[in-house]
Amino acid sequence: MTRRRIRPRFVVFMLVLVGLGFGVGTILNRQQATKPASAPKSRSQGKTAVAPHGSYTLTPFGLPEGLSNFSVYDHGGVLTLAGGTSGGALNKTVYTLTSNGAVVSGSLAVARSDGSIVSLGSHDVYVGGISSTKTPSLGAENLTGGSPNAFLPQGLAGFAKASFRGNTYLVGGSTPRGPSKVIYQITPQGHVHPWIDLPQAVSLPMTHVLAGSLYVVGGELANHRASSAIYRINLTSKKIHILGSLPVGVYNGAMGIAGGSLWILGGYVHHKVSRQTWVVEGSSVVAGYPLPQALAGEVVAEEGSDLWIMGGVTTHGPSSTIYVLKSAKP
């Protein structure tokens with residue numbers, strides 16, 4: 001199938017629709033976040049930062065089905081979704097998110113979860129992940145079909161992905177031998193090489209780029225405990241700075257920027273889905289406004305100054321809801 005093309009005015013149209021969503025009865029919460037009673041202090045500087053205000057609304061549409069651990073790629077407001085799980089079954093459908101919801105735009109040759117969409121300049125591929133064989137894949141395949149080709153140095157699933165200046169970084173993940181500490185760099189030409197090692201091996205960490213640094217948070221360790229570590233890695237010098245740690249370990253959540261602040265959202269805490277959020281402010285980490293419901297395995301996309309939080313696992317099963325997080329400095 002060919003991907004449906006969407007005109008540039010679609011981005012504006014979607015933002016208008018989200019604005020309309022503020023007036024409907026499905027709006028979950030318009031309250032602004034208050035200061036945490038005891039905001040955590042940065043272990044590196046010992047200073048207390050104030051959490052930004054936060055609120056959540058809904059888009060006028062949701063995902064076509066409940067999905068978790070899928071991948072999203074944002075081409076200037078046009079979102080491509082691929083892979084993941086739905087009600088325990090692996091997903092192979094590729095969707096393009098439009099102003100009316102999601103339309104089918106392709107299909108993976110092999111249904112996979114816990115991989116990621118990577119842009120290689122002229123085309124996108126789905127990399128890594130795990131299929132019904134339960135073995136992390138080293139393959140990459142086009143989003144419109146075709147057999148996967150060997151791409152990664154080893155099978156990899158459950159990694160975190162971030163992009164900066166055309167390069168893509170795959171952080172941690174599960175290999176056939178256990179969690180990985182390697183961060184791989186993928187160039188726009190599709191060359192893959194180990195870039196740097198994390199201080200510890202983790203699967204299902206969270207990562208994002210802010211101000212020329214790669215932030216890596218949490219993850220599941222080899223002993224199945226959750227990491228609480230927060231690392232900031234300079235993308236030019238490769239220097240790793242231990243920013244501090246969360247009060248609790250967390251894995252398989254999401255990270256994204258809303259209102260200029262870097263948010264850490266949900267995930268598994270003590271192996272249970274969590275509503276907790278945290279915000280990185282400089283070298284401090286403070287408690288943020290909780291999610292409307294506990295979520296893990298969700299994905300995020302930055303739309304303007306807002307953060308779209310899509311899908312994930314809830315206490316009642318997979319979610320098709322898209323929440324819009326609005327954040328503002330106090």
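**Close-up 1. Contacts of S137 in the predicted model.** Leaving aside neighbours within four places in sequence, S137 is in contact with R112, G128, G129, L152, Q154, G155 and L156. This is a predicted model. S137 sits in the loop between strand 9 (124-127) and strand 10 (139-142). Its side chain makes a polar contact with the side chain of R112, at 3.3 Å. S137 counts as buried because its relative accessibility is 18%, and buried means under 20%.

**Close-up 2. S274, a loop residue.** S274 is found between strand 24 (272-273) and strand 25 (277-281), in the loop. The relative accessibility of S274 is 11%, so S274 counts as buried. Its contacts, neighbours within four places in sequence left aside, are G266, G267, V269, L291, A294 and L295.

**Close-up 3. The largest pocket.** This pocket holds about 870 Å³ of space. Its lining is made up of 31 residues. V72, K161, T207, M255 and V300 lie nearest the centre of the largest pocket. Strand 2 (71-75), strand 12 (160-164), strand 17 (206-210), strand 21 (254-258) and strand 27 (299-303) are the elements that give two or more residues to this lining. By class, the lining has 15 nonpolar, 11 polar and 5 charged residues.

**Close-up 4. The second largest pocket.** The volume here is about 260 Å³. The second largest pocket is lined by 15 residues. Nearest its centre lie N69, D114, I130, L204 and N252. The lining residues divide into 6 nonpolar, 7 polar and 2 charged.

**Close-up 5. The largest nonpolar core.** In soluble globular proteins, nonpolar side chains tend to be buried together. The largest nonpolar core in this model has 18 residues. Y56, W263, L265, I309 and L325 touch the most other members. At least two residues of this core come from each of strand 1 (53-58), strand 21, strand 22 (261-265), strand 28 (306-310) and strand 31 (322-328).

**Close-up 6. L325 and the residues it touches.** L325 is one of the residues that touch the most other members of the largest nonpolar core. Residues up to four places away in sequence are not counted here.

Methods
Residues are numbered from 1 along each chain as its sequence is written. This is a predicted model: local features need pLDDT of at least 70, side-chain atom pairs count only at pLDDT 80 or more; totals for chains, interfaces and linings use all residues. Side-chain values use heavy atoms; hydrogens and water are left out. On a 1 Å grid over the protein atoms alone, a cavity is a set of points where a 1.4 Å probe fits but cannot get out, and a pocket is an open set with protein on both sides within 12 Å along at least five of seven lines; lining residues have an atom within 4 Å of a point. Grid points are joined across faces, edges and corners, and a volume is the space filled by probe spheres set on the points. Helices (H or I, at least four residues) and strands (E, at least two) are DSSP runs, numbered from the N terminus. Ala, Val, Leu, Ile, Met, Phe, Trp, Tyr, Cys and Pro count as nonpolar, Asp, Glu, Lys and Arg as charged, and the others, Gly among them, as polar. A nonpolar core is a set of buried Ala, Val, Leu, Ile, Met, Phe, Trp, Tyr and Cys residues joined through side-chain atoms within 4.5 Å. Buried means under 20% relative accessible area, exposed over 50%, partly exposed in between (1.4 Å probe, protein chains only). Contact means heavy atoms within 4.5 Å. A polar contact is a pair of N or O atoms within 3.5 Å; within protein, one must be able to donate a hydrogen and the other to accept it, and residues adjacent in sequence count only if both atoms are side-chain atoms.
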